[in-house]
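Have the viewer open and follow along.

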Amino acid sequence: MATGRTHRPATRSRGIPEATVARLPLYLRALTALSERSVPTVSSEELAAAAGVNSAKLRKDFSYLGSYGTRGVGYDVEYLVYQISRELGLTQDWPVVIVGIGNLGAALANYGGFASRGFRVAALIDADPEMAGKQVAGIAVQHSDGLEKIIDENGVSIGVITTPPGVAQQVCDRLVAAGVTSILNFAPTVLSVPDGVDVRKVDLSIELQILAFHEQRKAGEEAEAQAGAAAQAAAQENNGKGPDGDVPAVMPA
């Protein structure tokens, strides 16, 4: 089976926009769920709703793949799964190393979804000598002294960094120097990489802050709605009452 070092996805050479690339995994997840239920075809509207996008955007995205569906029938689910998997490079084996086997690194190592999505955890690496040899998810942790050799022997081009922020850049530099060209960074810091190296940052605190913003906005909207309802109720209660509030005003005879 091919390894990640020698085969790269064709998305850039085919001119697919980055925004479309970012949505392809959403479509693939929805399609995989349909495939598991043995659904043969799906309309653009149904698939767009499942992926959380509008149908016009979905049809535009699929046009970059050369897939236009059949009027009155929709898209062939299995074929789309294959098309998107091929475009994302998931029809081959991508060996991955995880550097930093603390709680988060161990949790990622135990994640069962990697294998079914074209990824294989080739090695777990940590700088703590006491971690060396320990089994995590059935894989023996290796010391970071051997990082370069591990990457070379396994043909790794994708690295995952789950280290403390203070050492993340140093780890990144070693990964890049060893030949890693794609990095998924969970450390809460911005990494500097040379041209030709792709970095995707996952910052859980930022995601929580965004959710907090939405919660605050919803709370504010709810408070405004309640205040508006109270004001409307008070206006209705006072409607038609005189200056004294209880007796309607009467003009003198």
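Ser-38 sits in the loop between helix 1 and strand 1 (41-42). Its phi is near 60 degrees, a positive value in a residue other than glycine. At 62% relative accessibility, Ser-38 counts as exposed; the cut-offs are buried under 20% relative accessible area, exposed over 50% and partly exposed in between, with a 1.4 Å probe and protein chains only. Another loop, the one between strand 5 (135-136) and strand 6, holds Ala-137. Here too phi is positive in a residue other than glycine, near 55 degrees, and Ala-137 is partly exposed at 38% relative accessibility.

A quick word on the ground rules. This is a predicted model, with residues numbered from 1 along each chain as its sequence is written. Local features need pLDDT of at least 70 and side-chain atom pairs count only at pLDDT 80 or more, while totals for chains, interfaces and linings use all residues, and side-chain values use heavy atoms, leaving out hydrogens and water.

Now the overall picture. The protein has nine helices and nine strands, which are DSSP runs numbered from the N terminus (helices H or I, at least four residues; strands E, at least two). Of its 253 residues, 36% count as buried. Take the contacts (heavy atoms within 4.5 Å) between residues at least 6 apart in sequence: 58% of them join residues at least 24 apart.

Seven strands form an open sheet in the order 5-6-4-3-7-8-9, with mixed pairing. Strand 5 and strand 9 (198-201) are at the edges with a single partner strand each, so one side of each has no neighbour in the sheet. Two strands count as paired if DSSP finds at least two bridges between them.

| Strands | Sense | Bridges | Facing residues |
|---|---|---|---|
| Strand 3 (residues 94-99) and strand 4 | parallel | six bridges | Val-97 and Ala-123 |

Strand 4 (residues 119-126) has six of its eight residues buried, so the rest of the structure largely encloses it. Helix 7 (residues 147-154) lies across strand 3, strand 4 and strand 6, at about 165 degrees to strand 4. Helix 8 (residues 165-177) lies across strand 3, strand 7 (158-161) and strand 8 (182-185), at about 170 degrees to strand 7. The angles run from 0 to 180 degrees between N-to-C directions, and axes are lines fitted to C-alpha atoms, for helices over the stretch in contact.

On to helix packing. The axes of helix 1 (residues 18-36) and helix 4 (residues 77-88) come within 9 Å and cross at roughly 145 degrees. Residues making this contact include Leu-24, Leu-28 and Leu-31 of helix 1 and Leu-80, Val-81 and Ile-84 of helix 4. By type, the contact residues are twelve nonpolar, three polar and two charged. Nonpolar here covers Ala, Val, Leu, Ile, Met, Phe, Trp, Tyr, Cys and Pro; Asp, Glu, Lys and Arg are charged, and the others, Gly among them, are polar.

Which residues of helix 3 (residues 55-64) are buried? They are Ser-55, Leu-58, Asp-61 and Phe-62. Seen down the axis of helix 3, they fall within an arc of 120 degrees, so they line one face of the helix; the arc is that of the directions from the helix axis to the C-beta atoms. Their cover includes helix 1, helix 2 (44-51), strand 2 (75-76) and helix 4.
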